[in-house]
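This report is written for a reader who has not seen the structure before. It goes from the chain contacts to the cores, and then to one helix and the strands.

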Amino acid sequence: MHKLQITNKHRFIGFALIGLVVYILSDVVDEWRSFQGATIAVYIVAIASVILLTGYSGQISLGHGALLAVGAYSAALTQIYFHVPIWVCFAAAVLVTALFGAILGAAAARLSGPYLAGTTLALAVGLPSIANQFSILGGEQGISFDAGWPPLSFGDSFTQYKWFFWIASLAALIAMWWVQNILRSRYGRTWRAVKTNEVAAEIAGINIGRSKVLAFTVSAGLAGLAGALLAMTMNNVSPSAFPLALSFSIATGAVLSGVNTLGGVMIGSVALVAIPEIASLISDRWSSSENLATILPEFIVNALLILTVFLAPKGPIEKLRSRHSK
Amino acid sequence: MLKIENLSVSHGAIRALHEISFNVEKGQLAAVIGANGAGKTTLLRTLSGLNKASHGLAQWNDHNILHAKPEALVRHGISHVSEGKSVIPELTVSENLELGALWRRNKKEAAKSKQEVVELFPRLGERLSQRADSLSGGERQMLAIGRSIMSKPELLLLDEPSLGLAPLVIEQIFQAIRDLTTAMGLTVLLVEQNAMGALKIADIGIVLNLGSIAATGSATALRDDPAVRAAYLGF
Amino acid sequence: MFNFINTLLIGITAGSIYSLMAIAIVLVWRSTRVVNFAAGGLALASSFVGAAVLETTGSFWVALPLAMIAGALFSAFIEYFFLRPLLKRSGGKGEEIFLPIIATLGLLGIIKAILNYIYGDRVGSLPPPLSDKGFIVSGQSIALSPMRILILGTVLVLMAFLTLIFQRTNLGLSLRASSFAPEISRLAGIRVDLIRTVGWAISGAAGATAGILQTTNGSGSIAPESFEFSLLLVFGFVAAVIGGIESLIGAVVGGLTLGIVLAIILMYVGGSLVFFAAFLILILVLLLRPHGIIGVKGGRRA
């Protein structure tokens with residue numbers, strides 16, 4: 001089969017098309033779906049950040065939930081104290097979290113495998129709980145984040161959740177466009193090289209430490225954006241929104257998408273949002289057991305995770321590709 | 001007797017061994033020589049169960065030994081000392097030795113084997129309670145060989161025991177190998193880059209080149225063969 | 001002064017339980033190079049077994065050993081049916097560590113889901129078998145109670161037992177050899193796969209003990225979403241990393257360090273910063289010693 005030369009222009013058109021689809025969708029879906037759509041967008045950005053860090057740079061993170069928290073709180077605090085438009089809040093979230101990521105990355109650059117996993121795990125558990133201690137962070141109740149209302153010119157039927165959906169999707173599209181570029185750039189190649197063989201990379205002149213810290217920084221920035229978007233959809237930021245389970249979900253989503261390639265990012269995000277709904281459908285049909293209803297989503301997600309690891313460890317897309325080329 | 005027939009082994013797409021056939025009689029010491037990448041290590045690893053053969057036949061005492069687990073083959077008397085002084089540095093000399101005999105039921109016999117090893121390599125006897133990482137290169141090689149003796153071997157597979165050792169030590173090791181082959185009636189496959197040293201103590205020789213057999217014959221014949229001398233003996 | 005001693009005692013007790021969990025994790029790491037998050041789930045399941053036995057027989061002293069056996073069996077089961085196929089498939093650099101870890105996370109989720117389904121709202125009960133009222137010393141009650149002594153004693157005995165096995169028995173030699181150098185061990189005739197299963201079984205028993213002790217040291221009841229168990233899993237893992245995940249001594253050192261420091265923080269600073277403190281301790285230790293306190297650069301060789 002003649003391989004298409006996919007240029008950047010092609011990709012840009014591709015993204016624009018997706019944007020168009022989203023635009024059309026937003027007109028036909030209801031509030032709940034809009035909310036789900038926004039959540040999917042959040043996951044897309046979050047999962048992309050993990051794919052970048054783990055799939056490309058080879059650094060494992062079980063603590064991205066904490067980075068989302070940093071982004072969320074930054075966005076909310078920026079709004080409260082500076083009263084700036086929401087885009088500025090998002091930008092602040094990205095920058096602050098990226099800075100945090102840089103520091104974390106510097107500390108973690110020498111850590112390998114289980115040590116890094118342990119550190120990120122401790123971070124995921126430890127960081128959000130700080131908010132409980134400091135009143136400026138709103139304690140357990142959290143602080144509110146008001147993304148505002150859509151401009152009046154959009155008409156009456158344009159609800160707030162649609163607005164969120166638009167913002168989140170636009171942010172996600174831009175973020176993905178940007179991520180995809182950076183992964184194809186020299187930086188992305190450097191990350192891959194370091195991940196594949198650190199010694200060889202070093203001999204080739206790559207500064208391992210700097211490369212790793214950069215990956216952490218970019219990944220954190222993305223996670224910060226995801227966190228800000230999450231805050232938007234929930235109108236509120238509190239520690240309970242960032243439990244350890246969130247970090248696990250994101251990591252799971254990354255594996256479901258195929259942790260090595262960006263292309264499958266939709267799969268994981270949609271799965272994470274769709275499964276609870278599918279699960280409740282199933283449990284409604286099958287039995288009236290309340291137990292089943294509660295545990296089914298968790299069970300299905302984890303079962304899918306294990307199946308993916310066993311059957312398609314490089315992700316479903318790679319699996320299909322390798323099937324095709326045989 | 002060790003019987004190899006049309007043995008082929010591939011690493012993915014690369015053919016490491018191609019239709020190898022040869023026999024080694026019981027009690028013979030066979031030197032397997034050849035350049036790097038000729039497939040010598042692959043041969044040993046396939047015979048000891050670490051690598052899978054693609055096809056062919058390998059029999060030891062009329063037992064099929066391909067596609068068996070290494071641990072199982074040890075119980076059939078096949079002992080492989082892999083490349084690079086295969087001792088476990090964190091364990092003591094004594095523990096390294098005992099490791100080889102753990103599978104043996106008869107503990108008395110195992111103790112006797114340990115005696116034999118210490119007699120063969122007195123230096124080990126002096127260092128029984130020391131950690132293996134405190135040993136010199138030559139001592140580690142002795143320990144590795146010693147451990148394989150503890151497994152009550154009938155067929156001994158040795159992968160480049162002379163690697164990285166000083167000439168004097170190499171002589172000692174080779175002499176020890178010759179001695180214990182004779183004393184214990186072992187059958188030995190000795191893979192070596194040090195072709196001269198190996199052929200000196202061997203009964204027969206097998207020359208591997210790029211995965212195929214280039215020559216076989218008695219050790220003396222090979223030593224005198226001009227082609228072999230030019231390629232592997234350096235003169 | 002008393003306060004400080006009490007804090008220390010509380011910290012050492014909690015820390016020793018984390019050490020047990022850390023041992024469970026280190027055992028699996030050394031033999032299989034996998035961080036077994038499911039160990040937390042197995043500890044949970046074993047503790048439920050313990051609670052059930054306690055309910056039937058009324059004796060803690062029967063419940064504990066049986067729970068340990070259950071833990072050993074569960075863990076061996078997982079190694080055989082889950083890990084072996086998993087390890088055969090995961091290859092390639094980078095994913096080496098990530099995929100098995102995330103798979104054990106998935107397993108943890110499944111175990112919890114199953115337990116949730118079976119037990120739902122019901123709660124297992126593991127009240128402390130001994131009094132947890134502190135002894136009175138010069139008119140003041142100190143934090144040392146019969147129960148505390150039991151916990152410390154159990155952990156000590158287990159560790160002594162484990163050390164004995166590892167250092168002085170053939171099984172222990174096989175375990176050590178297989179984890180240092182699996183290929184060499186195979187060539188020496190050791191059934192490395194079987195030994196690995198045994199290692200996991202021991203890990204399961206340790207985890208079960210940690211789970212039971214954690215419950216009796218805490219609220220006395222177990223629920224699938226129990227906070228104590230999340231604590232146990234996270235702190236157990238953190239303790240293992242602090243001490244250096246390659247060594248059993250490290251697990252003990254890490255657990256005790258974590259327990260004591262956290263107790264001090266709890267007493268003198270406040271409760272909600274405990275988790276963050278754990279993170280700080282961890283990162284501080286790793287900054288100075290990237291391979292943990294007893295940092296063994298370790299790793300396997302063939």
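The text below describes how the chains touch and what lies inside them.

The model is predicted: local features need pLDDT of at least 70, side-chain atom pairs count only at pLDDT 80 or more, and totals for chains, interfaces and linings use all residues. Residues are numbered from 1 along each chain as its sequence is written, while chains are lettered from A and ligands numbered from 1 in the order in which they are written.

**Contacts between chains**

Two residues are in contact if their C-beta atoms, placed from the backbone, lie within 7 Å. Two pairs of chains touch, and the most contacts are between chains A and C. Chain A and chain B do not touch, and their nearest C-alpha atoms are 15 Å apart.

Between chains C and A, 42 residues of chain C are in contact with 42 residues of chain A. Helix 3 (60-89), helix 4 (95-119), helix 9 (227-243) and helix 11 (274-288) of chain C each give two or more residues to the side of chain C that touches chain A. Helices (H or I, at least four residues) and strands (E, at least two) are DSSP runs, numbered from the N terminus. Helix 4 of chain C gives the most to this side, with 15 residues. By type, the residues of the side of chain C that touches chain A are 30 nonpolar, nine polar and three charged. Here Ala, Val, Leu, Ile, Met, Phe, Trp, Tyr, Cys and Pro count as nonpolar, Asp, Glu, Lys and Arg as charged, and the others, Gly among them, as polar.

Between chains C and B, 17 residues of chain C are in contact with 20 residues of chain B. The elements of chain C that give two or more residues to this side are helix 6 (170-180) and helix 7 (182-187). Helix 6 of chain C has the largest share, six residues. The side of chain C that touches chain B divides into nine nonpolar, four polar and four charged residues.

**Nonpolar cores**

A residue is buried if 20 or more other C-beta atoms lie within 10 Å of its own, exposed if 12 or fewer, and partly exposed in between, with C-beta atoms placed from the backbone. A nonpolar core is a set of buried Ala, Val, Leu, Ile, Met, Phe, Trp, Tyr and Cys residues joined through C-beta atoms within 7 Å. The largest nonpolar core has 202 residues, of which A:V45 and A:A48 touch the most other members. Helix 2 (residues 31-56) of chain A gives the largest share of this core, 16 residues. Apart from it lies another core, of 82 residues, among them B:V32, B:W60, B:L97 and C:A177. Leaving aside neighbours within four places in sequence, A:V45 is in contact with A:A172, A:A175, A:L222, A:L225, A:A226 and A:L229.

**Helix 4 of chain B**

This helix (residues 107-120) has 14 residues and reaches 20 Å from its first C-alpha to its last, close to the 20 Å expected at 1.5 Å a residue. The expected span is 1.5 Å times one less than the number of residues. Its buried residues are B:A110, B:S113, B:K114 and B:V117. They cover an arc of only 100 degrees around the axis, which puts them on the same side of helix 4 of chain B. The arc is that of the directions from the helix axis to the C-beta atoms. The face turned away from the buried side carries the exposed residues B:K108, B:E109, B:A111, B:K112, B:Q115 and B:E119. The cover over the buried residues includes helix 3 (93-101), helix 5 (122-126) and helix 6 (137-149) of chain B.

**Strands of chain B**

Two strands pair if DSSP finds at least two bridges between them. Four strands of chain B form an open antiparallel sheet in the order 2-1-4-5. Its edge strands are strand 2 (14-24) and strand 5 (63-64) of chain B, each pairing on one side only.

| Strands of chain B | Sense | Bridges |
|---|---|---|
| strand 4 (55-60) and strand 5 | antiparallel | two bridges |
| strand 9 (204-209) and strand 10 (212-218) | antiparallel | six bridges |
| strand 3 (29-34) and strand 9 | parallel | five bridges |

B:W60 stands opposite B:H63 in strand 5 of chain B. Five of the six residues of strand 9 of chain B are buried.
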